[in-house]
Amino acid sequence: MPEANTETVATSPEAVAQHLAASRYLADDSLATAIFLAIRLGKPLLLEGAPGVGKTEAAKAIAGLLGRDLVRLQCYEGIDAAHALYEWNYQRQLLAIRHAGEHEIDIYDDRFLIARPLLQVLKAPRQRVLLVDEIDRSDHEFEALLLEFLSDFQISIPERGTIRAEAQPIVILTSNRTRELAEALRRRCVYHWIGYPDAEREAAIIMLRAGEVAEATARAVAAAVRTIRARPLAKPPGIAEAVEWANAATILEKGGSPWPEAFRRAIGVLIKDEEDLSYIATELGRIVEEALA
Amino acid sequence: MSRPSDPRKRGEESLPRAAAPLLGFCRLLRSYSFAIAPEQVSSFMQAVTLLGPRSMTDIREAALATLAPPPDRREEFEVHFQSHFYGNASAVVEGDADEETRITDDGGADDERIEAEQRQEGGELSSALEQLSVRDFQRDDDRLSGFRRQLSSALPARRSFRTVRTHSRGKLDLRRSLREIVSADGDVPSPLLRRRQTVPRKFLILIDVSGSMKLHTSDYLKLAHAAVQGADRAEIFTFGTRLTRITTALRIRDRDQALARAAAQVDDWDGGTRMGPTLLAFLSVPRFSSFARGAAVVILSDALERGDHAELETAMRRLSARAFRLSLATPLAGDPRFQPATAALRAILPVLDDLVDGSSMSSLTDFILSLARPAPRAATIWKRVS
């Protein structure tokens, strides 16, 4: 059944986009195409983009679209096989040996095996989607390990032999591009660069994601955020911040602040860097007024 | 299947004629040094088949997704796509690659001419002075190869999350100990240990290539090449009026080749300096600014910022907040009478960890090799001097 699922859901890029919209994620045409291709070609999907453009959200939406669980592997410097593949529960093994006394005991039994994300997905490839988040944070050795996993979808455990996936699992990798990924990894994947959306799409996203934001507010926020992103800030605001800003301003407005003032007072949820704040402070009034006009 | 035949011929037979332009496009991209693997070509074909293709956009998107052009070359990719599938030949001439090569060609020619002129002067003079400089050059070469060998062990280190096996001073290694216990039938032999590994920190060099640094840039580039070859994770940027990353060029082992490639990438040689704005530009690219996080950062510049130095100050403050150690090596400090007296230097002195002499190769290599050792902050040293 789940197998038929991918076939029925991913009939065309448009169908994918519709299903994504149903799980509250608005993808543009080329992202929808990339997702469609990744699902149908059975290749991992590599999403790159600036922080806060919705890479992780996209992965969640894909899992939702296929009706599968999302297994997330957050990468960090120094991540290794014991965190990504599997680990034995040594304490339990030692206790079991003690407990068994004279009896024979298999200490490499399933109950002593702690499955980490990659193994979890391998065991149930039709029920789970693997998200390898921020792969650029891990180091080269881990990338090589992942490469092996992504090409064969199998894991060798010396004590147990090789575990192979019965079907091709769906894998999504995200990267903030803080370093270049190995060519070999890029080559194996379907690639998509997520940029900031245009004002219209961003307004739509804000409407969808924020609670009770009026359409005019959403449009104003989208326009203002677009202008702010063009400034040389240390940390340009992402989509999530824009949604938060719209939400915060709406709450303030209901609490009695008039419009341009509400935006100005809620700026703390949009820009989270003291220097950026002082840089934008002088212009903010003008930007908001232009966006509201 | 059973009949042996020429594989190439067989391939041509089975490919529909309509597929030829797609293959041609991949070949075109390769000729412009896009890295495209055979595997990617076949998934491109599969992708196009899967999508229909119903329109040119389908082909374009399939190409983007499967051939994965790097984001910074997207525009160039678009131009090639236009020219190949729409026959828009004029677009290519305006393309990025051509423009770049045109500039580098000119640059290269200029360099050669200057070199030739210098050689003529040398011929006329042909004095002891020249021999001296040649000998000095060789000594510098020896010094650089020594520097390259020592660098990876001399850079400051940090503790990594990874652990290594050890015989003393460590935590119990349960995994290996358990194996030992099992193989010893439940006996507990001496416990096995592991300890967190130390890894060298990242090393970032920012080289000023403006006109005022003209005398030193070639030395600095040689040093940068040795650093890239010697350290695991070194990143090199040049800045003048714009910012250029030359690490990839310097990864080439042969020094002359690497320097020539780097020289071709930088197009603001010997111009003015806009140190503040370029450093801010460096920090505003998340990919670049993360190179500086926890790294040993060395800036090779005279920090002669004309006009307002507020931006320089902001940039340096942000850099020092990210970096493990921020050092400025200025050739001006080679003069014993040097004082950090300019307004710009005075402003950035409090955020600097070191302000050192960058006028000669020996002082620079010695300084970089001592980066792991603690030293008083720049402000304290220079206050004491003055």
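Reader: What strand order does the open sheet of 5 strands in chain A have?
Author: Pairing first: two strands pair if DSSP finds at least two bridges between them, and strands (E, at least two residues) and helices (H or I, at least four) are DSSP runs numbered from the N terminus. In this predicted model, the open sheet of 5 strands in chain A runs β2-β5-β8-β1-β9, with parallel pairing. β2 (69–74) and β9 of chain A sit at the edges with a single partner strand each, so one side of each has no neighbour in the sheet. From one strand to the next, the twist averages 20°; axes here are lines fitted to C-alpha atoms, for helices over the stretch in contact, and angles run from 0 to 180 degrees between N-to-C directions.

Reader: Which strand of chain A does β5 (residues 128–133) pair with over 4 bridges?
Author: That's β8 (residues 170–175) of chain A, in the parallel sense. Look for V132(A), which stands opposite L173(A) in β8(A).

Reader: And what pairing does the open sheet of 6 strands in chain B show?
Author: Mixed pairing, in the order β6-β5-β4-β7-β8-β9. β6 (243–245) and β9 (354–357) of chain B are the edge strands, each pairing on one side only. Inside that sheet, β4 (residues 203–208) and β5 (residues 234–239) of chain B pair in the parallel sense over 6 bridges, and D208(B) stands opposite F239(B) in β5(B).

Reader: How many residues does each chain give to the contact?
Author: Residues are in contact if their C-beta atoms, placed from the backbone, lie within 7 Å. Chain A gives 33 residues and chain B gives 31. On the side of chain A that touches chain B, α3(A) gives the most, with 6 residues. The predictor gives the complex an ipTM of 0.71 and a pTM of 0.66.

Reader: Where in chain B is confidence lowest?
Author: Check pLDDT, the predictor's confidence in each residue, from 0 to 100. Chain B averages 79, with 83% of the residues at 70 or above. Confidence is lowest in helix α7 (residues 96–125) of chain B, at a mean of 35, and highest in strand β7 (residues 296–300) of chain B, at 94. Where pLDDT is low, the predicted coordinates should not be read in detail.

Reader: How are residues and chains labelled, and which pLDDT limits apply?
Author: Residues are numbered from 1 along each chain as its sequence is written, with chains lettered from A and ligands numbered from 1 in the order in which they are written. Local features need pLDDT of at least 70 and side-chain atom pairs count only at pLDDT 80 or more, while totals for chains, interfaces and linings use all residues.

Definitions and conventions
Contact = placed C-beta atoms within 7 Å.
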